[in-house]
Amino acid sequence: MTPSIASLSGVEVDYDRGRALGPVDLALAPGEIVALVGPSGCGKSTALRLLAGLEQPTRGTVVRAAGKGETSVVFQAPTLAPWLSARDNVALPLELSGLAKKDALAAADEALRKVGLGAALAARPAQLSGGMAMRASLARALVTRPRLLLLDEPFAALDEITRRALADDVLALADELKPAIVFVTHNVEEAVYMAGRVVVMTPGPGRIAGEIAIPGPIVRPPGFRTTEAFRAAAEAVSNLLARATERAA
Amino acid sequence: MKRLLAPLILIAVLLGGWELACRALSVPPYLLPPPSAIAAAFVQSWPLLLASAWATLSTALLALVIASVCACALALAVSLNSLLEDAVRPIAVTLQVTPLVAIAPLVTIWAGIDHPERAVIGLAAVVAFFPIFSGALTGLKAVDPDLARLFDLYGATPLQRLVRLRLPSAVPALLEGHKVATGLAVIGAVVAEFVAGSGGAQGLAWRILEAYNRLQTAKVFAALVTLAVLGVVLHALMERIERRLLDSWKGR
């Protein structure tokens, strides 16, 4: 068995208002794409922050093989600094880790070209559309060549066409750079499309209700959404989610 | 064009009515001079009014600079240390709710009886201090929490966090604070001159006092109009500067 890149074992998180998450066990293999699906408030984002090392569990252990500089997060909002151009935003993580400004900018330009923003290097976030800003955010996450990429509902604020195009771009980049990815969403079809493994969570306090393996290559072939395998997997995830929600209600 | 014309027409109608009423009712000019008398007073003493306006303006701007430096430095120190903030806050609130005129005698004594202009600058600076201080403090704390999380993730040092995240995040609130403070500095300068002023500080407030003591009501109005114009122009200027800087911060 390959050592995991990050894992949660027996992890519980309590907030002032009560238990938010757990107990949860989850291990990520290097290069694997896992989707976390569950209703709002099930602790998906908390699980993500634990994996990122941005938050500590109340009980249980979090093991992170990917160090601080090897983990990247993309939030639901692009979270770009409005006072910086796209390339300065993308260069920021490298500059903060001590890379020379010139090298950081060169890497940022390359990362922006890779997400299709080669023509908008000098643009400010206010000049970018929602989809473009999200792409810049993705470029910033990938510029450090992370071993662990955490995506917290990154497409939630985008329209359907943009969201599908961006999903394919993320998968193409994942295939090239091979980070382990945790993708949080409450959209079942998106989860099945993106992930090799869909983990379904119960409503708060979030626990893992079950998981379903999704067959197929990382980069989905055209028409993948209409295949029998996709529909079967989506239905299985939906059923699991419905049962998990029912049991809690 | 219409939107520019409407207020001008209203002002003309009001002034015309005022003039006619004064003449028809033979109102004594010391009680309410007609606009024509105010215009005459203005024409007669405009070099003096202009010099006084400049005195008030330069006092207000100097006070603004002093207030800005003190407020930004204190806000920065306080934002870096929450214990210091807890310590400073009650004092700041107490000072802020104390009326300017109430502390004017003290400031005048401390500035030296021979230097009323220093007291006026000091008092105007006190008024201008608070909007800048609270703007700077709000701004330094108004960091996008997700952006702050990214800085955690990238292992940013406290200095990097301050220079590359908190200071730039503070810019909009800081600009807003300065805009508000500019208006207050002018008001502060005028009020302070009323309370602490003497022949040594010859701003517009002094012109008003002087004319009032001689019952030259038209001159009071002329100084008042000058003050209003000064305020409007300064406000418009600050608004424009704020918008320009905010646009360049946002990259619009």
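How much area is buried between chain B and chain A? About 2100 Å² is buried between the two chains, and carbon and sulfur atoms give 64% of that area. Buried area here is the accessible area, found with a 1.4 Å probe, that two parts lose on being put together, summed over both. The size of an interface is often given in this way, as the accessible area lost when the parts come together. On the side of chain B, B:Leu153, B:Tyr154 and B:Arg164 supply 35% of the area that this chain buries against chain A, more than any other three residues.

Before we go on, a word on what you are looking at. This is a predicted model, in which local features need pLDDT of at least 70 and side-chain atom pairs count only at pLDDT 80 or more, while totals for chains, interfaces and linings use all residues. Residues are numbered from 1 along each chain as its sequence is written, chains are lettered from A and ligands numbered from 1 in the order in which they are written, and side-chain values use heavy atoms, with hydrogens and water left out.

Let us stay with the place where the chains meet. Here 20 residues of chain B are in contact (heavy atoms within 4.5 Å) with 20 residues of chain A. There is one salt bridge between chain B and chain A, and its partners are the side chains of A:Glu95 and B:Arg164, at 2.9 Å from N to O. A salt bridge means a side-chain nitrogen of Lys or Arg within 4 Å of a carboxyl oxygen of Asp or Glu. Side chains of opposite charge can pair when their charged atoms come close.

Now turn to chain B itself. Which residue forms a salt bridge with B:Arg23? The partner is B:Glu19, with the closest N and O atoms 2.9 Å apart. Both residues lie in helix α1 (residues 2–24) of chain B, four residues apart, which is about one turn of the helix. Helices (H or I, at least four residues) and strands (E, at least two) are DSSP runs, numbered from the N terminus. B:Arg23 counts as exposed because its relative accessible area is 57%, whereas B:Glu19 has 15% and so counts as buried. The cut-offs are under 20% relative accessible area for buried and over 50% for exposed, with partly exposed in between (1.4 Å probe, protein chains only).

Another salt bridge in chain B joins the side chains of B:Glu242 and B:Lys179, 3.2 Å from N to O. This pair links distant parts of the chain, with B:Glu242 in helix α9 and B:Lys179 in helix α7, 63 residues apart. B:Glu242 is buried, at 12% relative accessible area, and B:Lys179 is buried too, at 17%.

Some that share partners join A:Glu12, A:Asp14, A:Arg19 and A:Arg59 into one network. The side chains of A:Asp175 and A:Lys178 also meet in a salt bridge, 3.4 Å from N to O. A:Asp175 is partly exposed at 33% relative accessibility, as is A:Lys178 at 48%. Over all chains, the whole structure holds 27 salt bridges.

Finally, find A:Ala20 in strand β2 (residues 18–28) of chain A. This residue is buried, since its relative accessible area is 12%. Leaving out residues up to four places away in sequence, A:Ala20 touches several others, including A:Val13, A:Tyr15, A:Cys42 and A:Gly206. A:Ala20 and A:Gly206 are 186 residues apart in sequence, but 6.5 Å apart in space, C-alpha to C-alpha.
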